[in-house]
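Student: Could we go through this one together? I'd like to start with the charged pairs.
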Amino acid sequence: MPDLSFAAPAAGRPAPRTEDHGGFRRIALLGGLYSNYLALAEALRIARARGVEAIFALGDFGAFGPHPDRTVNLLREARVPAIQGNYEESLSTGAGDCHCGYTDPRDNHFAQISYDYTRQKTSREHKAWMGTLPGHIRLTVGRRKLLLCHGSPRKINEFLWESTTPVAFIRKLLRDVDADIVVCTQTGLHWTRLVEPGRGVVNAGVLGRPANDGRANVWLTLVEERDGEVVIEHVPVAYDHERLAREMRDERLPEEFVETVLTGYWTTCLEILPAKERARGRY
């Protein structure tokens, strides 16, 4: 269960910069992209076909998959507003690791492989651009105020899990940040918990890898005003995952990563999962 106190920024670290993007009726939210440029291209197509007014990316553009610059090129060419995830913060500051928030040695081993590959394959121009991104975005959908963040409003690499995020915590979080809905990613698993109509937490999931459910598709999230209410929809995104797996092998990325893309089950970053979330997977 998360600590109910609202954590201040770490000593010496400024509070995240926040941008205000105004009001909308229908938006798309893209969680961690993890260098899955094939899924990103399909998600952009789906979002536009659904008539969204804006698309927002919630950080972690690199990691896990191949050719990280292809993902960033797509984002920038599409002029998608974006926030920093822990990857963008680390890459833009020259950090030695991804600050992913893992504690298990095996999880950190594979996280370091991902980060080293991404750091090597990401251009200086893109790293500099990442350093210009805000930490949070505020906007409205209908009458509801949304705060977009990466891990949580409190910490860029905090994990908000469905099974361990109680109603009391959500209510306090919303009060502390003056929002009706907090949207995050980081965990890799999509979920929504509303504590009352139009108020709660939305985890947008990720586009970069499957949701540990035995399905190869990934996920984007739509938020829209409908008949005066806010409606949240988690939308599956099917893409050419077999092509992605081939390219990952060509880039000599770990076979454990390739297995996840092909089977839909996580093989790494498992120790951080709470018991209920881990029980949904294979390992």
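Tutor: One term to begin with: buried means under 20% relative accessible area, exposed means over 50%, and partly exposed lies in between, with a 1.4 Å probe and protein chains only. This is a predicted model, in which local features need pLDDT of at least 70 and side-chain atom pairs count only at pLDDT 80 or more, while totals for chains, interfaces and linings use all residues. Residues are numbered from 1 along each chain as its sequence is written, and side-chain values use heavy atoms, with hydrogens and water left out.

Student: OK, how many salt bridges does the structure hold?
Tutor: There are 21 salt bridges, each being a side-chain nitrogen of Lys or Arg within 4 Å of a carboxyl oxygen of Asp or Glu.

Student: What does Glu-255 form a salt bridge with?
Tutor: Its partner is Arg-249, and the closest N and O atoms are 2.5 Å apart. Glu-255 has 41% relative accessibility and therefore counts as partly exposed, and Arg-249, at 43%, counts as partly exposed too.

Student: And Arg-154 and Glu-158, buried or exposed?
Tutor: Both are buried, and they form a salt bridge whose closest N and O atoms are 2.6 Å apart.

Student: Which residues are linked in a network?
Tutor: Salt bridges link Arg-144, Arg-171, Asp-180, Glu-196 and Arg-199 in a network.

Student: Switching topic, which residues of Asp-178's surroundings does it pair with?
Tutor: Asp-178 forms a salt bridge with Lys-145, with the closest N and O atoms 2.7 Å apart. At 47% relative accessibility, Asp-178 counts as partly exposed, as does Lys-145 at 34%.
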